[in-house]
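Student: Could we go through the helix packing, the sheets and the charged contacts of this structure, one question at a time?
Tutor: Gladly; please have the sequence and the coordinates open beside you.

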Amino acid sequence: MKNNVLFLQGNEACVEGALYAGLDFFAGYPITPSTEIAELLSYRLPATGRKFIQMEDELSSMCAIVGASLTGKKVMTATSGPGFSLKQEAIGFAVMTETPCVIVNIQRGGPSTGLPTSGSQGDVMQARWGTHGEHAIIVLTASNNQDVFAMTVEAFNLSETFRTPVVLLFDEVVAHTREKLTMPEPGEINVVDRLHTSVPKGTDYHPYLPREDGRLPMSDFGGVHRYNVTGLAHDMWGFPSTNPTIVYDLMRHLVDKIQGHTKEITRIKEFFVEDAECLLISYGASARTALHVVENRRERGEKLGLLELQTLWPFPADVVKKRCASIDCVVVVEMNMGQILHEVKRVIHDGDKVFLANKIDGTFIAPTDILDILRIIQGKGA
Amino acid sequence: MAVKDYIRERFFPHLWCPGCGHGIVMGAMIRAIEKLGIQKSDIVVVSGIGCSSRICGYLDFHTLHTLHGRALAFATGLKLSRPELTLLVPMGDGDAFAIGGNHLIHAARRNIDLTAIIMNNNIYGMTGGQSSPSTGYGDLATTAPYGNIDPSFDPVNLVLGAGASFVARTTTYHVTSMINILEKAITHKGFSVVEVLSQCPTYYGRKNRLATAVDMMNFYKNRTTPIGSKDKEKNPDLIERGIFIQEERPEYCAEYAKLIEKARSQ
């Protein structure tokens, strides 16, 4: 158990998690504040016979990992703000073709070039709806190095299980905070490998025919089954189709395979929620501040709790609804103008008891930003 | 094997217009592969968006029909992770020279072992006849109703300048030569670009006094000439066809293998 405690930044914890999960191939493009991920992987991957490539732009990085994934590799790219916008078309391609891949977005201040070196959580809705067309996607986040590591492994696992792109929506604060990471031993965290088809050579393989459990076993490009992959609406052979029944079934499958497994995909952390009268809901870097406030106020006897979301999408509506049912007031803590706030209000049907404590000026959200809101709620004035 | 053993008959009839040149290119690709004796499961075809890119669905290889202009980016990831596979990347002129221009020059720069087959019909066919970076000066298109004033790319010099190690041009009239060139391009270790002049009578021809496929193929016959021919000296407007460059240079995946050895030893 010696030598397994590291002191590093969030971006490095993400790299360690990806390697633990079995990352084979990374393509990226330099952008602040995610560049350390690419730099580290350019060093680490070739040393173990795996591949890193710096592509000519953000969207070709996204395209390259999808191409590599189809050969059976575990793949990832990493970016920030503007780069995440550029990748969106190819993320949609991965959604439509059900190609497993992991996209790290280290959020920075936006819109546009915004604040390249500052923290923000402004991409929550873009991660959900950034690519065009109706679809579902999985988005995970974390507030500290240990969880960045764990969620990165989870991202690969969920991506392979549900054949979908998974977005790791970290932020600049978490990415650049240096703190402890206790490296899990091999086998300590479950690692999911790709489900391959058992259909033998010479038998018709249907790449897009879901099994009874909704899963679609894959066949690697270069293997015995030759099939078509397209971003067009397609039938069970992967061939383009405009047949309304086929298109309907495809659309339902793409959404249901994720929305229908929300419970299984939900990762959440609860602090002092059992007897809480007031509940903070937060995620990512903001949850660090929220936890500080909760622990501090508990010492004074205030019944404050924290729900830290690690799965942002599909939104864990049932858990949030249940936890908020007997709560007097809910404060959503985030570094945007209320992107998760809207979701919370939507699911608990009692918008009057939901408040927002936020920060949007590029500085990190402080305990006072939350305490000021709590004082107003408690009728103590700002 | 017969040509039909390389196609997915289930997905026919194809969607190309009568007289379109792309079927000739597909036929030549199949014949080149058959002559080379490459196993079907060792071939991956990656295409973008457009009429040319639909070739993917019809061929019985591993086929990946991607995004407009991005075929080479997908192909780069695929090739780098499985270097032993043979990758063919059919593209159109809008696909390769406009929206995908960046990927074209960078694939050439890396000299990664892909074969880009650019079916140049001087027009955006799938969307109904808009001008492309290879539409000639004064040509008519649905987005150039007064005549096109954008100078066109010289694709051969573009990719030569970017570092491609195999560059050739052929036409749908010169099928035997096309098969021969494709064989050499596929065999070549490095980034190969084959520009194929491929007629679009429907959207380019009709608007530009070349109303039928026959007119257009006659144009290819009469207005092209082998590289370095005497005819070219007499008439500099003739378009040269043949192999412009075929040079052995360090190939990206091979260089990557060396990089891995270096990284492992440190």
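This is a predicted model: local features need pLDDT of at least 70, side-chain atom pairs count only at pLDDT 80 or more; totals for chains, interfaces and linings use all residues.

Student: Why are α1(A) and α2(A) described as oblique to each other?
Tutor: An angle counts as roughly parallel under 35 degrees and as roughly perpendicular from 65 to 115. The axes of α1(A) and α2(A) cross at roughly 40°, and the two helices are therefore oblique to each other.

Student: How do the residues of the contact of α1(A) with α2(A) divide into nonpolar, polar and charged?
Tutor: From α1(A), the residues A:Asn11, A:Glu12, A:Cys14, A:Val15, A:Glu16 and A:Leu19 take part, and they meet A:Glu36, A:Ile37, A:Leu40, A:Leu41, A:Arg44 and A:Leu45 of α2(A). The residues of this contact divide into seven nonpolar, one polar and four charged.

Student: Which strands stand at the edges of the open sheet of nine strands?
Tutor: The order of this sheet, whose pairing is mixed, is β10(A)-β2(B)-β1(B)-β3(B)-β4(B)-β6(B)-β5(B)-β8(B)-β7(B). Two of its strands have a single partner strand each, so one side of each is left without a neighbour in the sheet. From one strand to the next the twist averages 20°. The edge strands are β10 (228-230) of chain A and β7 (224-226) of chain B.

Student: In β6(B), which residue is the bridge partner of B:Met119?
Tutor: Strands β4 (residues 115-120) and β6 (residues 192-197) of chain B pair in the parallel sense, over six bridges. In β6(B), the bridge partner of B:Met119 is B:Val196.

Student: Where does helix α6 of chain B lie, and at what angle to β5(B) does it run?
Tutor: Helix α6 (residues 155-162) lies across β4, β5 (166-171), β6 and β8 (239-246) of chain B. Its angle to β5(B) is about 170°.

Student: Which residue of chain A meets B:Asp60 in a salt bridge?
Tutor: Side chains of opposite charge can pair when their charged atoms come close. The structure holds 32 salt bridges over all chains, and one of them has an N to O distance of 3.1 Å between B:Asp60 and its partner. This pair crosses between chains, from the loop between α2 (55-58) and β2 of chain B to the loop between β9 (178-182) and β10 of chain A. The partner of B:Asp60 is A:Arg226.

Student: What residue in the turn of the hairpin of β5(A) and β6(A) has a positive phi?
Tutor: Strands β5 (residues 101-109) and β6 (residues 115-119) of chain A pair in the antiparallel sense over two bridges, with A:Gly109 opposite A:Leu115. Five residues lie between the strands of this hairpin. The turn residue with a positive phi, about 55°, is A:Ser112.

Terms used: Residues are numbered from 1 along each chain as its sequence is written. Chains are lettered from A and ligands numbered from 1 in the order in which they are written. Side-chain values use heavy atoms; hydrogens and water are left out. Axes are lines fitted to C-alpha atoms, for helices over the stretch in contact, and angles run from 0 to 180 degrees between N-to-C directions. Helices (H or I, at least four residues) and strands (E, at least two) are DSSP runs, numbered from the N terminus. Angles under 35 degrees count as roughly parallel, over 145 as roughly antiparallel, 65 to 115 as roughly perpendicular and the rest as oblique. Contact means heavy atoms within 4.5 Å. Ala, Val, Leu, Ile, Met, Phe, Trp, Tyr, Cys and Pro count as nonpolar, Asp, Glu, Lys and Arg as charged, and the others, Gly among them, as polar. Two strands pair if DSSP finds at least two bridges between them. A salt bridge is a side-chain nitrogen of Lys or Arg within 4 Å of a carboxyl oxygen of Asp or Glu.
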